[in-house]
Amino acid sequence: MLIRRGFKFELQPNGMQSQLMKQFCGCARYVYNRTLSLERSLYKKDDKHSFKYAEAVNRLPEWKKKNPFLKECHSQVLQQSLKDLDQAYINFFRKRANFPKYKKKFRHDSIRFPQGVELDEAKQQIRLPISGTPAVVKRFRIKFFFSLAKQDLFL
């Protein structure tokens with residue numbers, strides 16, 4: 001039997017780590033909004049146009065050449081932002097939600113790392129694919145939270 005467990009931790013990043021996380025959130029928001037703007041214009045021209053995640057991801061290397069600040073952001077963060085937009089379009093076309101909206105600065109900023117996250121329970125630390133290791137605490141006061149979904153196989 002497969003049991004899924006979820007954990008939620010609060011991170012206490014140092015100044016540089018906090019700045020990098022905010023920068024990653026900004027880059028993810030930029031990619032989301034820019035892609036949404038492009039897709040909106042294509043949708044207005046042809047209402048049969050549908051969002052394709054693969055096409056959007058293929059634009060990222062070109063955008064990284066034009067916007068050097070995107071090179072500093074982890075590629076997984078940008079790809080996950082496009083997956084969020086893909087899900088928003090799926091919900092729209094299945095009539096479960098309104099047309100996707102632009103993301104606003106400091107409003108529910110979030111980033112996801114599907115790989116490269118290490119949890120050290122003994123030291124109570126989480127290593128993210130950014131520089132340094134923020135400490136993990138269980139109080140919920142600071143802005144940065146980390147959620148971990150873990151699957152265990154029990155027979």
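Reply: Happy to! Of the contacts in the chain with a separation of 6 or more, 73% are accounted for by residues 24 or more positions apart. Keep in mind that this is a predicted model. Its secondary structure comes to three helices and five strands, and from the N terminus on these elements run β-α-α-α-β-β-β-β. The chain has 155 residues, of which 32% count as buried.

Now for the helices, starting with α3. Helix α3 covers residues 75-93. It has 19 residues and reaches 27 Å from its first C-alpha to its last, close to the 27 Å expected at 1.5 Å a residue. What do they pack against?

Next, look at how α3 meets α2. Helix α2 spans residues 53-66, and its axis comes within 10 Å of the axis of α3, with the two crossing at roughly 145°. The crossing of α2 past α3 is right-handed. On the α2 side you will find Tyr53, Ala56, Val57, Leu60 and Lys64, and they meet Ser75, Leu78, Gln79, Leu82, Lys83 and Asp86 of α3. Sorted by kind, the residues of this contact between α2 and α3 are six nonpolar, two polar and three charged.

Helix α2 also packs with α1. Here the angle is about 115° and the axes are 12 Å apart, and the crossing of α1 and α2 is again a right-handed one. From α1 come Val31, Arg34, Thr35, Leu38 and Glu39, which meet Ala56, Arg59, Leu60 and Trp63 of α2. The residues of this contact between α1 and α2 divide into five nonpolar, one polar and three charged.

Is Thr35 buried or exposed? Thr35 counts as buried because its relative accessibility is 0%, and buried means under 20%. Leaving aside its neighbours within four places in sequence, Thr35 is in contact with Phe51, Ala56, Arg59, Trp63, Leu82 and Leu85.

Two cysteines are worth a look as well. In general, a disulfide is a covalent bond between the sulfur atoms of two cysteines. In this chain the count comes to zero disulfides. Cys25 is in no disulfide, and the nearest cysteine sulfur, that of Cys73, is 8.8 Å away. For Cys27, the closest cysteine sulfur is also in Cys73, at 4.4 Å. That distance for Cys27 is too far for a bond, because a disulfide needs the sulfur atoms within 2.5 Å. Both cysteines are tucked away from the surface: Cys25 counts as buried at 10% relative accessibility, and Cys27 is buried with a relative accessible area of 2%.

Finally, follow the chain just past the end of α3, where Lys95 takes a positive phi of about 60°. Most residues other than glycine have a negative phi. Lys95 has its place in the loop between α3 and β2, residues 118-120. In contrast to the buried Thr35, Lys95 is exposed, with a relative accessible area of 76%.

Conventions. Residues numbered from 1 in each chain as written. Predicted model: local features only at pLDDT ≥ 70, side-chain atom pairs only at ≥ 80, totals over all residues. Heavy atoms only, no water. Axes fitted to C-alpha atoms, helices over the stretch in contact; angles between N-to-C directions. Helix = DSSP H or I, 4+ residues; strand = E, 2+ residues; numbered from the N terminus. Left-handed = near helix turned anticlockwise from the far one by under 90°. Contact = heavy atoms within 4.5 Å. Nonpolar A, V, L, I, M, F, W, Y, C, P; charged D, E, K, R; others polar. Buried < 20%, exposed > 50% of the residue type's maximum accessible area, 1.4 Å probe, protein only. Expected span 1.5 Å × (residues − 1).
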